[in-house]
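User: I am new to this structure and would like to learn how to read it. Could you take me through it feature by feature?

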Amino acid sequence: MELKTMGTIAELREEILAAIPEINLIIDSDLREKTIKVWEEAIRQGGWSVDELLKMPFSVHVKDCNITFVEHVRTVSKMCLAIADVLQESYGERINLNKDYLIAGALLADVGKLLEYEKKDGKLRISELGTRLRHPFIGVALSHNEGIPVEVQHIIATHSKEGEIMKRSSESIIFHHADFIDFDLVSDKKPF
């Protein structure tokens, strides 16, 4: 699948920032640039356009999912920052959080879905790669290749069920719970 928008890297970058403005909340300019590069590479390798990501359901595992991939990424990122703000307001220096790592991890945790999923005959489905590697593994590989700090890779790696055997960092705990709040509220797991 080829990108619908065959523009320049600069144009792709601007499309990504317009679709996911929370990237600009990363204060460290090097981490912000590397985060953008991971998104660019995932879009390129997956053969997606930003416009397709704005319409793509965030999960193939949720029947009739009406929450888009980009909505999910943005919502969970904002939830993480809100949680971090409350914790720091309440506990001050007793809780040690790196908000740049938290927001970068939140923005990159599901980027591997751009290779885990594919569009075939107008439907979203698991790709051949996705049958062998889930998005946390793919996301870590993409992030490692762009020089994303290991602390952020840890958030990506441990955010889903694969992280159950690991001791999660504070940032990973926050993201893990925010991600599952969003997932559980829109999935078939809803209690009511």
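Analyst: Let us start with a term: buried means under 20% relative accessible area, exposed means over 50%, and partly exposed lies in between, using a 1.4 Å probe and protein chains only. The areas themselves come from the Shrake-Rupley method, and for residues only the protein chains shown count as cover. This is a predicted model, where local features need pLDDT of at least 70, side-chain atom pairs count only at pLDDT 80 or more, and totals for chains, interfaces and linings use all residues. Residues are numbered from 1 along each chain as its sequence is written, and side-chain values use heavy atoms, with hydrogens and water left out.

User: Is S172 buried or exposed?

Analyst: S172 has a relative accessible area of 0%, so this residue is buried. It is found in helix α9, residues 170-186. Helices are DSSP runs of H or I with at least four residues, strands are runs of E with at least two, and both are numbered from the N terminus.

User: Which residues is S172 in contact with?

Analyst: Contact means heavy atoms within 4.5 Å. Leaving aside neighbours within four places in sequence, S172 touches H154, I155 and T158.

User: How do I read a whole helix, such as α2?

Analyst: Begin with its span: the expected value is 1.5 Å times one less than the number of residues. Helix α2, residues 29-46, has 18 residues and reaches 26 Å from its first C-alpha to its last, close to the 26 Å expected. Among its buried residues are L31, W39 and I43.

User: How many salt bridges does a search of the whole structure find?

Analyst: Side chains of opposite charge can pair when their charged atoms come close. Here a salt bridge is a side-chain nitrogen of Lys or Arg within 4 Å of a carboxyl oxygen of Asp or Glu. The search finds 11 of them. One joins D51 to K55, with the closest N and O atoms 2.9 Å apart. D51 and K55 are separated by about one helical turn because they are four residues apart in helix α3, residues 50-55. D51 is partly exposed at 36% relative accessibility, while K55 is exposed at 58%.

User: Which salt bridge links K119 to a distant part of the chain?

Analyst: K119 pairs with E52, the closest N and O atoms being 3.2 Å apart. The two are 67 residues apart, with K119 in strand β1 (residues 117-120) and E52 in helix α3. At 35% relative accessibility K119 is partly exposed, whereas E52 is buried at 8%. Elsewhere, salt bridges that share partners join E22, R74 and K78 into one network.

User: Which residues make a nonpolar surface patch?

Analyst: Patches are made of residues with over 30% relative accessible area and no salt bridge; like charges are joined within 9 Å, and nonpolar side chains (Val, Leu, Ile, Met, Phe, Trp, Tyr) within 5 Å. L129, L133 and F137 make a nonpolar patch of about 260 Å². F137 lies in helix α7, residues 135-145, and counts as partly exposed at 46% relative accessibility.

Key. Accessible areas come from the Shrake-Rupley method with a 1.4 Å probe; for residues, only the protein chains shown count as cover.
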